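Colleague: Could you take a close look at one part of this model for me and talk me through what sits around it?

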Amino acid sequence: MFKFHVQDSTAPLTPIEQGQDARDDCQSSPSTASRDSQGSGRTGKLGSRRRRSRAPSKNIEKRPYHSPSHVSPPHDKPMTKNDMYFALDCEMVGVGPEGLESALARVVMVNWAEEVVLDTFVKVAHVTDYRTFVSGITAEDLEGSRVMELADVRNLVRITLSGKILIGHALENDLKALNITHPWHDIRDSATYAPFMREILSDDKKLL
């Protein structure tokens with residue numbers, strides 16, 4: 001018959017057994033501590049998220065109460081043809097020897113309803129030919145109160161025509177005199193409009 005020896009758990013440990021238990025505790029304690037710290041970190045993050053989600057948002061707009069008699073402010077009015085279409089015409093005078101060089105002397109702009117938006121003379125120095133028979137400009141016109149500096153006129157025209165449709169005849173010359181540009185797709189030039197152009201017959205050179 002076999003005999004089993006059962007060790008009493010309450011009996012004191014020998015010095016060898018005490019040393020073995022101490023080594024086992026040292027090996028298991030770092031991983032346990034790290035797991036505890038990670039668990040506590042996750043719990044802290046989740047807790048902070050929950051706390052932040054409960055806090056009221058600062059971006060929520062507080063809309064004022066509108067009484068039945070409240071009237072909302074009017075919206076921007078839709079643009080009409082008077083706001084979109086502008087016709088431009090410039091008149092030149094002669095400068096330099098014999099007045100062969102051209103200088104801008106008058107600028108006129110009207111809207112779709114033919115209302116005058118701008119009509120001003122431009123200051124020109126040393127005019128040698130006023131070209132009155134064509135331009136209608138005289139020496140008194142360029143010395144009156146309606147005369148503006150070229151830079152001011154150019155800036156005013158540029159602001160008025162920004163994003164608008166420009167109408168005129170031979171606008172290339174007018175834009176060159178003002179020293180400005182305008183998008184080609186916003187230009188309506190009667191000088192290059194095919195229905196307004198004459199056709200020359202090759203046989204008898206007559207105009208149709």
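Modeller: Thr120 is part of strand 3, residues 116-122 (strands are DSSP runs of E, at least two residues, and helices are runs of H or I, at least four, both numbered from the N terminus). Keep in mind that this is a predicted model, where local features need pLDDT of at least 70, side-chain atom pairs count only at pLDDT 80 or more, and totals for chains, interfaces and linings use all residues. Residues are numbered from 1 along each chain as its sequence is written, and side-chain values use heavy atoms, with hydrogens and water left out.

Back to the residue: Thr120 counts as buried because its relative accessibility is 3% (buried is under 20% relative accessible area, exposed over 50%, partly exposed in between, with a 1.4 Å probe and protein chains only). Setting aside residues up to four places away in sequence, Thr120 touches Ala105, Arg106, Val107, Arg146, Met148 and Val153, where contact means heavy atoms within 4.5 Å. With Arg146 there's a polar detail too: a polar atom of the Thr120 side chain lies 2.8 Å from the backbone oxygen of Arg146.

Tyr85 is in strand 1 (residues 85-95), while Trp112 is in the loop between strand 2 (101-111) and strand 3, 27 residues apart. Tyr85 is partly exposed at 26% relative accessible area, and Trp112 is partly exposed at 45%.

Methods
A polar contact is a pair of N or O atoms within 3.5 Å; within protein, one must be able to donate a hydrogen and the other to accept it, and residues adjacent in sequence count only if both atoms are side-chain atoms.
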